[in-house]
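Dear colleague,

I am handing over the structure below, and after it you will find what came out of going through it. Please read the notes with the structure open beside you.

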Amino acid sequence: MNDSSWGTPQTGYWGPSDHGQGWGAAPAGPAYDAHNAQHTRPMPIVPDVPEHGGDQDVDRGTARLSGPLFRDEPTRARPLPGEVPQNPEPMPDAPQPAPAPQKKSAGRDLGAAIGVGVGLGVVIVASLFVVKAVFVGVVAVAVVVGLWELTSRLQERKGIKAPLVPLALGGAAMVVAGYVRGAEGAWVAVALTALAVLVWRMTAPPEGYLKDVTAGVFAVFYVPFLATFVAMMLTADDGAWRVLTFLLLTVVSDTGAYAVGWRFGRTKLAPRISPGKTREGLLGAVAFAMVVGALCMEFLIDGGSWWQGLLLGLAVAASATLGDLGESMIKRDLGIKDMGTLLPGHGGIMDRLDSLLPTAPVVWLLLVVFVGSG
């Protein structure tokens, strides 16, 4: 039986009542038979629950039922026993597992870096104390490879075509001239190399001439000119020990900065240039270099004193750090991490010369001031 055919539901049930017509009154209408209604079985009212937004609310004026059993939104079905609930809600106060601590990484293949470093050290020291001319040749080769890496990256990343041939020939000549003729010979070689760069570039179309020769002259001073001071150090009577002091101080400065910075580094030194360098690492470089500088000046350099070594170590730590930051600035501009891949664990030759090149004139000058050019 459809309850909607009875009209608007009222409280109670349809049919006569002992209380009279006012109680449980029957609906009016021609289809109502009072005699038959008394023999009709009382029927409880089951009110229609209209759909939300349906026409029943308007036509019959029934109020929408509400409460915990009558809601517009669908109720969520409870899972049966043994059933896995779908999309379970997380517990609000459930403790979240803490992320596993990450170990610090050196960022390079440390084993390969140590092996290559030891191998280079053996070659350099052997050539330095056996035949000085061989060591000069090692420096010249390093200069040529460094120039090749630098000009290759400039062309790849910036489209700058610095002429490599005059740079390589002139760079090697500058190192040899510094060893044979001293500072005067080195300056003459620098001037001739710069002139050769200007002339060599004239054989190509004029587009980009200015930026190409500017990069070429920059390369002349950045790589071979600074390396010439190493050759000039070698001309002294204790030249081999001076060069060894220069190499030891630079390597110890880099090692101290790396070791202390990796273990205790918290405050960034120059985050926009080299995010890995810290102020704590710089203090480590200074401390290590000053101690080794005092030992070297006291025991390796003729006429040297420990306090001079302290000043020398401080200067080396500063110049090596600035040199490292300078090459990092170049690599940032070029958008690369390393200048090359020739040395496993180190990058390229230029990635090893970055702190050595600017340190060479500093050590040469301070040694001349402290103990003379002898």
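This is a predicted model: local features need pLDDT of at least 70, side-chain atom pairs count only at pLDDT 80 or more; totals for chains, interfaces and linings use all residues.

Residues are numbered from 1 along each chain as its sequence is written, and side-chain values use heavy atoms, with hydrogens and water left out.

Phe-229 lies in helix α6, where helices (H or I, at least four residues) and strands (E, at least two) are DSSP runs numbered from the N terminus. Leaving aside neighbours within four places in sequence, Phe-229 is in contact with Ala-360, Pro-361 and Trp-364, contact meaning heavy atoms within 4.5 Å. Phe-229 and Leu-365 are separated by 136 residues in sequence, yet their C-alpha atoms are 9.1 Å apart in space.

**Aromatic residues**

Phe-229 also belongs to one aromatic cluster, together with Trp-187, Phe-221, Phe-225 and Trp-364. A search of the whole structure finds seven aromatic pairs; rings of Phe, Tyr and Trp (its six-membered ring) pair if their centres lie within 6.5 Å, and planes under 30 degrees apart count as stacked, over 60 as edge-to-face and the rest as tilted. The rings of Trp-187 and Phe-225 have centres 5.0 Å apart and planes at 50°, so this pair is tilted. The pair links distant parts of the chain, since Trp-187 is in helix α5 (residues 164-201) and Phe-225 in helix α6 (residues 209-233), 38 residues apart. Phe-225 counts as buried, at 13% relative accessibility.

Thr-245 is found in helix α7 and is buried, with a relative accessible area of 0%. Beyond four places in sequence, Thr-245 is in contact with Cys-296, Leu-300, Ile-301 and Leu-312. Cys-296 is itself one of the buried residues of α8, which also include Gly-281, Ala-289 and Met-297. The buried residues of α8 pack against α7 (239-264), β2 (274-278), α9 (306-334) and α11 (356-371). Helix α8 (residues 279-299) has 21 residues, which at 1.5 Å a residue should span 30 Å, and its end C-alpha atoms are 30 Å apart, which agrees; the expected span is 1.5 Å times one less than the number of residues.

**The protein overall**

The secondary structure comes to 11 helices and two strands, in the order α-α-α-α-α-α-α-β-β-α-α-α-α along the sequence. Of the 374 residues, 36% are buried. Among contacts between residues at least 6 apart in sequence, 67% join residues at least 24 apart.

**Confidence**

The mean pLDDT is 80, and 70% of the residues reach 70 or more, pLDDT being the predictor's confidence in each residue, from 0 to 100. Over residues 1-41 pLDDT stays under 50, and the model has 28 contacts beyond four places in sequence for them. Over residues 49-75 pLDDT likewise stays under 50, with 17 such contacts in the model.

Note on methods
Buried means under 20% relative accessible area, exposed over 50%, partly exposed in between (1.4 Å probe, protein chains only).
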